[in-house]
Amino acid sequence: MEPFLINNAHSLLAASSALSGSIGAGIGLGLGALAYVDAKYNIGGDLTKFSRDLQFMRQATTEISRNRFHALWMFRETVARLPNKVAIRNHDFREWSYSELDKVTTRIANFLLDQGHTPGDAVALMFESNAQLCFSMLGSLKGRFIMAPQNTNLRGQPLLHCIKIAGSRALIFEPTYIPAIREIAPQLRELGVKLYFWAQSEDKPPREPEEVLDFEVDAIISERRLAELGPSADSYNRIHEIMLATQPTDKALIIYTTTGLPKGGMRDHFYLALLKLPSFPLVYLSPLEDDVHMGATPLYHAQAFGPFFVVLSRGGTFVPLRKFSASKFWQQCIDYQVTSFFYLGELCRYLLAQPPQPTDRLHKVRRVTGAGLRKEIFNEFYTRFNLDVIMEFYAASDGTSFVANEYRGGLVGVGSIGRRGPILRTLVGSPRIIKVDEFTEEPIRDPKTGLCIECKPGEPGDCIGTYDLEGPGQPTYSNNAAATNKKLLRDVFRKGDAWWRMGDLIVRDVEGWYWFSDRIGDTFRWKAENVSTQEVGNMLATCRVIQEANVYGVPVPGNDGNAGMAGVVIHESHKSRPNEDIMQELGRHAVKVLPRYAVPIFIRVLPEMEITGTLKHRKYRKEGFAAADFWMPPGTDTYVPITTADKQKLAGGTAKL
């Protein structure tokens, strides 16, 4: 969401009136001239989007005037309006109506309150994408607890770090993650985190044996146990008072960022209250009340949580996909009667890599939304799977700006993340693209004014969005003021203004189309995740055989994003050992302490670490994987020497990582 829209409602409405007069004055132009001007300057597209922004502003103003700041007011209205409609359709085809969903989430909220938790406490959640995670998310929100769904790939220290930085006072987890929680249970006890185990087998016998709970927890819960708590658990009295007392800046959720030791990006109730409005820019097309919306990505990811929250506020049906399978995906869409989903670019590539099947076009999916769909497969994905609309967008769960490309076929705009002509760029203001130093990655400032310099069309630069230092709806990082301040830029276009760095290089062409260029700085994207080079390097350096590690991303033909590569200096005490032995030990260590997608694929052995003039590690991106000495082939857990034949296969785009 753009803070500009919230903070400048009156000026936007005034601009709308002035704009209408200008349009009327131009009616006398010939149709051909109008068509040319429209194609060049996107006048029609700008006016349509601006009109929708104004509609969104009016809806937001109505919510504010009614003091409806809690995220679930619309959900409560939907429950009253559609009590018997299916709200959740689980992967095992069990279903819950809106009335049933309301009851179980109310019981969770009251259970947490009865356990001594107070509104504002953070509640960590460790589930696969399933109905029970949906219950726990909404139940946490109802009690105004800060919900913190965990990245289920994390183990050990990184997982403990995430629970700790959120300030979590409770953790709800399911049988699948008993081993992960067992490993850190003593530390959680020291932190005062209460452990609640969701016993799935009490509600439905498992298809396969569950993990055995063999350590102490504070309570065991299930739908059956929650229902047995009695009338007090079903009471809405406390929840209603909590919702009425909710303020715009009360925190609602934490979505974690990069791997290694992630940051917790916080969003408040005001942001969520606006997210579900009918004209919110990224979800006005989908999901809608008549949608059966599949959560195709894990619910700890913003790409799944956002539409999950929206579809249940609007009255649609949500299908949490337990695990993504490219070979089964379209049949699952048919089986679950899916009509829409959100994607990540890698998901689309996996689907296209499957052999053509009748199910490719027998499904009911017509509208998909997401980010990262590569230009070279954009139209193929649209055509092969018989879609009506692809809404490709650029945004971030911890960002303040966006652009979107509502693609309905044809050659124009293929692969773009969106378009804004001069009208919308002038009236709305962001995103803006500023010049940054290639090596320091800091903004380049005008030596006379000290202000930032905006990029010209065709020049890649840092994408930034407006930021209201005092207002609600703005992203921050949980218990990490330094990380928040690092994202903020001051004195950008005028003294005293504030902008938020999105962390990506973006290009705008002469026709107003925006294109993604690359990640900036200490992160790269791989397997639909943002990977922190600094944190991964730190984790590698905890291996006894490594003196120092320098991590960066390198492109590999035929694969989305950048694969991890590390330049390492071997510890003095181990230099007498064969490098092959050292790399085997490093590989086992990396797989143990890092999520699999964060484990570097390529290793370059360096005699010493090269440092830049600004005392940073030199990144060897330009040399790429061609400079690697070792690699971890797919399906293995150790590093082996990389051969010329391996590199040729990788360079030819035939190796899938």
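I looked up Arg408 and found that it is partly exposed, because its relative accessible area is 49%. This is a predicted model, so I read every value below as computed from a prediction. The side chain of Arg408 meets that of Glu406 in a salt bridge, 2.8 Å from N to O. I noted Glu406 as partly exposed as well, at a relative accessible area of 31%.

Next I checked Glu202. Its side chain forms a salt bridge with Arg225, again listed at 2.8 Å from N to O. Glu202 sits in the loop between strand 6 (194–198) and strand 7 (219–221), while Arg225 belongs to helix 10 (residues 223–227), so this pair ties together parts that are 23 residues apart in sequence. I have Glu202 down as partly exposed with 24% relative accessible area, and Arg225 as partly exposed at 32%.

Then I turned to Lys276. Lys276 is in the loop between helix 13 and strand 10, and Glu63 is in helix 4 (residues 43–65), so the pair ties together parts 213 residues apart in sequence. Glu63 is buried too, with a relative accessible area of 8%. Salt bridges with shared partners link Glu63, Arg66, Arg68, Glu77 and Lys276 into one network. For the whole structure, my search gave 32 salt bridges.

I stayed with the loop between helix 13 (269–275) and strand 10 (292–295), where Glu289 is found. Glu289 counts as partly exposed because its relative accessibility is 34%. Leaving out residues up to four places away in sequence, I list Arg81, Leu82, Lys85, Arg314, Gly315 and Gly316 as touching Glu289. With Arg81 there is a polar contact between the two side chains, at 3.0 Å. I also took the C-alpha separation of Glu289 and Tyr343, which is 20 Å for 54 residues along the chain.

On to the helices. In helix 18 (residues 375–384) I marked Ile377, Phe378, Phe381, Tyr382 and Arg384 as buried. Their cover includes helix 16 (345–352), helix 17 (359–362), strand 13 (367–371), strand 14 (389–394) and strand 15 (403–407). Just after helix 18, I noted a positive phi of about 60° at Asn386.

In helix 21 (residues 533–541) the buried residues are Thr533, Glu535, Val536, Gly537, Met539 and Leu540. Among the elements that cover them I listed helix 8 (156–165), strand 25 (546–555), strand 26 (562–570) and helix 22 (579–593).

Last, the domains. The chain is divided into domain 1 (97–268), domain 2 (276–413), domain 3 (433–507 + 514–519) and domain 4 (523–652). Five residues from domain 3 and nine residues from domain 4 take part in the contact between those two. I put the C-alpha centres of domain 3 and domain 4 at 30 Å apart. What area do domain 3 and domain 4 bury between them? I have about 470 Å², with 33% of it on carbon and sulfur atoms. The side of domain 3 that touches domain 4 has no nonpolar, one polar and four charged residues.

Conventions:
Residues are numbered from 1 along each chain as its sequence is written. This is a predicted model: local features need pLDDT of at least 70, side-chain atom pairs count only at pLDDT 80 or more; totals for chains, interfaces and linings use all residues. Side-chain values use heavy atoms; hydrogens and water are left out. Domain bounds come from an automatic or database domain assignment. Contact means heavy atoms within 4.5 Å. Buried area is the accessible area (1.4 Å probe) that two parts lose on being put together, summed over both. Ala, Val, Leu, Ile, Met, Phe, Trp, Tyr, Cys and Pro count as nonpolar, Asp, Glu, Lys and Arg as charged, and the others, Gly among them, as polar. Helices (H or I, at least four residues) and strands (E, at least two) are DSSP runs, numbered from the N terminus. Buried means under 20% relative accessible area, exposed over 50%, partly exposed in between (1.4 Å probe, protein chains only). A polar contact is a pair of N or O atoms within 3.5 Å; within protein, one must be able to donate a hydrogen and the other to accept it, and residues adjacent in sequence count only if both atoms are side-chain atoms. A salt bridge is a side-chain nitrogen of Lys or Arg within 4 Å of a carboxyl oxygen of Asp or Glu.
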